[in-house]
Amino acid sequence: MDQSTAENPEEADFLILDANAVKSLIDISQSIDIAERALKKTSNGTAIQDIRRVLEFGETGRCLSIMYANVNDLPAFGAKVLSVYPGNFAHGLPSHRGGILLFERQRGRPVALVDGGEATAWRTAAASAAATRALSRAESSTLALLGYGEQAQRHVEAIASVRPIRTIRVWGRDVEKAELFAKTQRKAGFDAKVCESAGQAVSGMDIVCTVTTAQTPILSGQWLTPGTHVNAVGASVPSCQEIDVECLRRARVWVDYMPMALTAAAELIQAVREGIIQETDICGEIGAVFEKKIPGRQSASEITLYRSLGVPAQDIELANFLYEAAARSGTGVRVKFGG
Ligand code: NDP
């Protein structure tokens, strides 16, 4: 043991939380509250953060993604480092893998590594659920999913916890995979069916989620029904695009973090560049709606759209929660590291 460790026994303590540990420490309702808190802190300046840094490998969609934040009222700051391999889905593997590294504020010591894939899956669907709770019509009971991967599954669970979802429609490129997804939802008690086209899947639905790695639009604004709420989640780098500019013409749009939206949301960048919308047409950040600083939905007939890009503060808020919950319950593996 070196001198600093002898003087400060906790200096030796570094916590590792794998995916199972993350799952055991949090439930949907807590994760939605955490996402809401992080998005409020994003909008009110409590979270100091930057846009996502992405190192693309030139092969379709593959990249190294780095997101970092210092949330001023939390004990630890940190960074999430992920590999994003969209092609992994075809091999039954997760597309987002890596970790969140936390540092304690007083001496800057690294204190924890949290599974980044599991944390990302939780916090993304939780943020959409929080936005859905704020923007969709309260009686919304029908949900359309474009995509049937990890995020699609998490979105069903999270959104059904904030709205009385009974009916699910799913569309994707592979009918068999879509049918498998629908079967899982029927087992969970939903009236779920596969649609042959994305247009059929979204027509007349209360809530629509786009959760694919598509590079060209899969959702056209022409298909949306008045009163629908859309969570556009999948395209978080400018080389991907899920929604067309018609969605932006027809919907009122909120984003999670304005600097990220204006640098990473391809359809928003295109629409502003071509003068189809102005930056000022974007209603604002969802955290400001949560804090009641700006209005949300104003009529039952308007189409609302939450454009999710992913915010570093969400990861750091969640990782702090997990770190503290693990300390209370003795969860995770402790090793000597970074002293
Ligand atoms: P998965 O790999 O688990 O699923 C990907 C889905 O996209 C599958 O349904 C796949 O089906 C579908 N897909 C791929 N290409 C196309 C296409 N051209 N047209 C239609 N569907 C397509 O990924 P996740 O569920 O983990 O993530 C989904 C998306 O969400 C990703 O783009 C990811 O980067 C993004 N994401 C966004 C976050 C945010 O904070 N906003 C956070 C985490 C993820 P098939 O290949 O069979 O067509």
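User: What should I know before reading the model?

Analyst: The model is predicted, so to speak: local features need pLDDT of at least 70, side-chain atom pairs count only at pLDDT 80 or more, and totals for chains, interfaces and linings use all residues. Residues are numbered from 1 along each chain as its sequence is written, and side-chain values use heavy atoms, with hydrogens and water left out.

User: At what angle do helix 3 and helix 4 cross?

Analyst: Axes are lines fitted to C-alpha atoms, for helices over the stretch in contact, with angles from 0 to 180 degrees between N-to-C directions. Helices are DSSP runs (H or I, at least four residues), as are strands (E, at least two), numbered from the N terminus. Here, the axes of helix 3 (residues 28-44) and helix 4 (residues 116-135) cross at roughly 75 degrees and come within 8 Å. That makes the pair roughly perpendicular (65 to 115 degrees).

User: Is R137 buried or exposed?

Analyst: Buried means under 20% relative accessible area, exposed over 50%, partly exposed in between (1.4 Å probe, protein chains only). R137, in the loop between helix 4 and strand 8 (142-146), counts as buried at 15%. Its side chain reaches the backbone oxygen of G227 at 3.0 Å.

User: And where is R169?

Analyst: R169 is in strand 9 (residues 167-171) and is partly exposed, at 22%. The side chain of R169 reaches the backbone oxygen of Q200 at 3.1 Å. R169 and L143 are 26 residues apart in sequence, yet 6.4 Å apart in space, C-alpha to C-alpha.

Notes
Parallel < 35°, antiparallel > 145°, perpendicular 65-115°, else oblique. Polar contact = N/O pair within 3.5 Å; in protein donor to acceptor, adjacent residues only side chain to side chain.
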